[in-house]
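Please open the structure in your viewer and keep the selection tool at hand.

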Amino acid sequence: MLRLTFLGAAGTVTGSRHLIEVNDKRLLVDCGLFQGPKRNREKNWEPFPVDPSSIDAVMLTHAHIDHIGFLPAIVKHGFRGPIYCTKATADLAHVLLPDTGHLQEEEARWANKKGYSKHRPAKPLFTEEDAREVFQYLKPVDYGEHFEPAPGIRGKYRDTGHILGAGFLDLKNEESGKKIVFSGDLGRPTDAILRSPVPAYNADYLVMESTYGDRLHDEHFPVKELARVVNEAMDRGGVLVIPSFAVGRSQTLLYVLRELEEAGKIPSVPVYLDSPMANRALDVHKNHIPDLNLICRKKYIAGTRLFHPQKLNLSVTRQQSMAINSVQKNAIIISASGMVTGGRILHHLKERLSDPKHTVLFIGYQAQGTRGRTIVEGKESVKMFGQQVEIRANIERIDGFSGHADYNEMLAWMMGFNQAPERVFLVHGEPEAAEAMKGHIEKQFGWDTTVAVEDNHVLLDF
C-alpha cells in the first residue's frame, strides 16, 4: 500500500507538499512556501508535520517558490536526503532560494525596526546561508532519465511547460507495475518559448493541479495585443513600464518583444530589464536552449539571440537601476515584482504613475490586496513608500501571458492518457477552482475525482 498525505496546496494554490509513505520510506513531492493571505503565510512557521530527518528523499516538479521555498527550512531541521529535480530546476533553485532567504532576513530586520512582530527579536524563517545549504542535496536529472528515490520505486520527469525545467513526476512500483503521476503545474500548448506538455501513460493514480479549473484563456498568445500597447505607448512619447515576474514571464516578454521588433511591428527602442533575479534567470534560459520549443531551437541554430531586443539594457546594480529614473520617453522598462508588492518596480512606478504620457502594462494575475490589484481596479491613487501616488498613467492589462493551462487545456492534456486513472486527486487550486475542475473531469471522462483536503491521507493499492 501507498499512503499519500496532502500537507499543502490543498484548498489553496501554494505550499505544495505531498507526502508519500511506501516500502517503509518517506518521500516528499515538492516542498513549497505558503504564500498570499496572512493565514496562509503563518503556516510556514508551524512545525513540519513529520520530522524532516525522517524524510528519505524530495522530488521537485519545478522551481517556483510555492514548490521549493521550504527546502531551506527542512534542511535546517535535519533533512539530509537527495532532492531530485530536472537540471533547469536545479539551476533556477540556485537563483531563487538565496533570494528568498535574503527577503526573509530583510523582513525580520524591518519587523525589528518597526516593532510589529510578536517575537522579540523577530527572526527569519531561514537565511540566505541556510538556502545555500540546500544546493549540496540537489540531484539533477534529465527529462526521461530514471532515478530511484526509494528501493523498488522508479521515478522520472516529463516536460509540462509552465516554466523552464517544469515536469510531471512519474513514480512506478517496479514490482507491481502500478504508477502514480504528479502533474506539478501544467503549462500551455501555445507558450512562446516552452514545449507543449507531454502526456502521461499507464497512470493508475493522478495528483492533478487545478489552479485555473474555473477559467479559460484567450486561444492565441497575445502578440497583436502587445504590439498595440507598445505602439500606442511610444506614440504618446512616454515610457512603457511592465511589472513582471522575474522567472519565466520576463524572459518570454523579451523574446516576444524581439520577435515583434524583428518583424517591424514595433519600433526598436531601449528595453531595460531591471531585476537582478530576472537577469540571473535569463542566463539560466540561455544555458538551457535544448529545453525550449522547436521554433526557438531552430532560431537559435540560425544565429538568433532569442532574448535580446536590439537595444536591450541589463540592469543589475542599484546604480544602474537608479539611472533609469532619468529615462522619460520612448523606452520599455521590465521590472519585478509582477504584482507590485515590492522590488525595483516601485521606484519606476513612483516616477511615472502620475504622468498621463506614460503607460503601465500588467501581464499577469493581480491578487487581492496587492498594489497591482489597486492599480488595475482603476483607483485614483496607490500607496508607495508611505505616501499616496496619484494614478494618471494609461493602465493596460493583457492576460494571455499566463504560464498555467486553463481547464480546457488541462482536459486536453488528460485526453492524451492511454488509460483512465483509477483515481484523480485535485490539488493546487482555490476551492471554487478545484470544485469546478472536478466537475469538468467527471463530465468529460467520468473519472473518480476527489478534491484534496489539507492533512488528509489516502491509502492506495500500489
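Predicted model: local features only at pLDDT ≥ 70, side-chain atom pairs only at ≥ 80, totals over all residues.

Residues are numbered from 1 along each chain as its sequence is written, and side-chain values use heavy atoms, with hydrogens and water left out.

**Stop 1: two loops with positive phi**

Select Ala9, in the loop between β1 (2–6) and β2 (18–22). Helices (H or I, at least four residues) and strands (E, at least two) are DSSP runs, numbered from the N terminus. Ala9 has a positive phi of about 55 degrees, although it is not a glycine. Its relative accessibility is 0%, so Ala9 counts as buried. Buried means under 20% relative accessible area, exposed over 50%, and partly exposed in between, with a 1.4 Å probe and protein chains only.

Next, select Asp30, in the loop between β3 (25–29) and α1 (38–41). Asp30 is not a glycine either, and its phi is positive, near 70 degrees. Asp30 is buried, with a relative accessible area of 2%.

**Stop 2**

Move to Ser275, in the loop between β13 (271–274) and α8 (276–286). Is Ser275 buried or exposed? At 5% relative accessibility, Ser275 counts as buried. Residues up to four places away in sequence aside, Ser275 touches Ala246, Ser315, Ala336 and Arg344; contact means heavy atoms within 4.5 Å. Thr317 is 42 residues from Ser275 in sequence, and their C-alpha atoms are 8.9 Å apart.

From Ser275, follow the contact to Ala336. A cis peptide bond joins Ala336 and Ser337, with omega about 15 degrees. Ser337 lies in the loop between β15 (331–335) and α11 (345–352).

**Stop 3: aromatic rings**

How many aromatic pairs does a search of the whole structure find? The search finds 10. Rings of Phe, Tyr and Trp (its six-membered ring) pair if their centres lie within 6.5 Å; planes under 30 degrees apart count as stacked, over 60 as edge-to-face and the rest as tilted. Select Tyr84 and Phe147: their ring centres are 4.5 Å apart and their planes lie at 20 degrees, so the pair is stacked. Tyr84 is in strand β5 (residues 83–86) and Phe147 in strand β7 (residues 147–150), so the pair ties together parts that are 63 residues apart in sequence. Both Tyr84 and Phe147 are buried.

Then select Phe168, Trp413, Phe417, Phe445 and Trp447, which form one aromatic cluster.

**Stop 4: a helix pair**

Two packed helices are described by the angle between their axes and the distance between the axes. Select helix α7 (residues 249–262) and helix α9 (residues 294–301), which pack at an angle of about 60 degrees with their axes 14 Å apart. Axes are lines fitted to C-alpha atoms, for helices over the stretch in contact, and angles run from 0 to 180 degrees between N-to-C directions. Which residues meet here? Tyr255, Arg258 and Glu259 in α7 meet Ile295, Cys296 and Lys299 in α9.

**Stop 5: Glu105**

Finally, select Glu105, in helix α4 (residues 87–114). At 22% relative accessibility, Glu105 counts as partly exposed. Apart from neighbours within four places in sequence, Glu105 is in contact with Pro124, Thr127 and Glu128.
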